Amino acid sequence: MPSAKSLFAHVLPFPGDPILSLMEAFEQDPRPAKVSLSIGLYFDEAGRLPVLDSVRQAAQALAQAGGPCGYLPIEGIAAYRQLVQNLVFGDDHEAVRAQRIATVQTLGGSGALKVGADFIKHHFPDAEVWISDPTWDNHLAILEGAGLRVQNYPYYDEVTGALRFDAMLQTLQRLPSGSVVLLHASCHNPTGVDLSRAQWEALIPVIVDRGLIPFVDMAYQGFGDGLDEDAWSVRALADAGAQALVANSFSKNFSLYGERVGGLSVVCNDAATASRVLGQLKAAVRRNYSSPPAQGARLVQQVLQSRELKEGWAEDLARMRERIKAMRASLHEALHEHFGDRRDFRFLLTQRGMFSYTGITEAQVNRLRDEHGVYLVRSGRMCMSGLSRANVRYVADAIIKVLGENQ
């Protein structure tokens, strides 16, 4: 018999995640021409989540091998963790060879961010974390959820669609030593606007000289220009002597969203420090979820340790990357054909990765959804991988109808 007075009456309802709620609305939409350009998933030309051939072969090999499924170590599979370091930093990087990187297996990129945030809160309790304006919504939730104070540094110029690099640099130059700066390695979410190599080369000395702590989120390695190219900023930071945290994810580039496969690496000054940091990362994992799941990490390990499978994976990833670029070009062509010089859509070609900031207002986003079944998030961010040869013209026509009235 329940008590008369509820102990939980004060608990407020969860408003829901805006992107996941949008996906639920999309699934319930009965219109056959509907198009999902909201959630960060890579869809193939047929509008399906792909199963990469390299991953399929890895799964078959693991199934044939069989064996029990016991708990993994707190820090994860040793071979997997080494392969993460090799992929993120490069096999021959000095920091890898000197064993001055502490790496733990995590629950996707979000888990890496959470473990990193807990580590920062515990060991740098007074540090503020600075994030780009804008950034991925969940960055703020994860960091503040760990008890950290979060501030914004200038990043995206809504008028020009470009990077506010001078303002960004000036802000970071004024930060006190020990401040944490969250940076996107490549394929910035949500804008698609990345720092150039020249801009990174101007930024990195500021980070090192001021004693800032870079926390790099690399969720889309391989979706920008290539596996090594997209990791260039992380490697350049390590080359410059920066002591950094790096969160990486295999959700997108392995199409293993539900397996929750990722890693957190901390670049230290020496191997002894890295060993102590690894111990504290293990403590953070133990306090959170005790140990990571096995299957997804074993799939990634199976692919990365096989030369043949790794080469096949890189080829699949290159095709995914090039398909996104082709969709960018097709949408740009259709919009430019209609608007000409009245509206500039060149940003579709210069932004990188899965996302584009389109400049479409929230009211226009609502019209695209309600009138045409084209789903974007309210900021106007578009997930380009939801486009295909079959729907890109339909999406372009919908955008033309919604934007055309204001031209």
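Okay, before anything else: what you're looking at is a predicted model.

Let's start with the sheet. How many strands form it, and in what order? There are seven, and reading across you get β2-β8-β7-β6-β5-β3-β4. The sheet is open, and its pairing is mixed. Going from one strand to the next, the twist averages 25°.

Strand β3 covers residues 128-133 and β5 covers 180-184; the two run parallel, joined by two bridges. Find V129 on your screen, and opposite V129 you'll see V180 in β5.

Now, what packs on this sheet? Another is α7, residues 165-173, which touches β3, β4 and β5. For α7, the angle with the direction of β4 is about 140°.

Next stop, R100. You'll find R100 in the loop between α4, residues 94-97, and β2. Is R100 buried or exposed? Its relative accessible area is 9%, which is under the 20% cut-off, so R100 counts as buried. And what does the side chain of R100 reach? There's a polar contact of 2.7 Å with the side chain of E94, and the R100 side chain also gets to the backbone oxygen of C268, at 2.7 Å. Leaving out residues up to four places away in sequence, R100 touches a list of residues including E94, A238, V267, D270 and A274.

Last topic: the nonpolar cores. The largest one has 106 residues, and the members touching the most other members are L203 and L331. Which helix gives the most to this core? That's α13, residues 307-339, with ten residues. Back to L203: setting aside neighbours within four places in sequence, L203 is in contact with F165, M168, L169, L172, L183 and L195. There's also a second, separate core of 31 residues, and A117, L264, V277 and L281 are among them.

Conventions
Residues numbered from 1 in each chain as written. Predicted model: local features only at pLDDT ≥ 70, side-chain atom pairs only at ≥ 80, totals over all residues. Heavy atoms only, no water. Pairing = 2+ DSSP bridges. Helix = DSSP H or I, 4+ residues; strand = E, 2+ residues; numbered from the N terminus. Axes fitted to C-alpha atoms, helices over the stretch in contact; angles between N-to-C directions. Contact = heavy atoms within 4.5 Å. Buried < 20%, exposed > 50% of the residue type's maximum accessible area, 1.4 Å probe, protein only. Polar contact = N/O pair within 3.5 Å; in protein donor to acceptor, adjacent residues only side chain to side chain. Core = buried A, V, L, I, M, F, W, Y, C linked by side-chain atoms within 4.5 Å.
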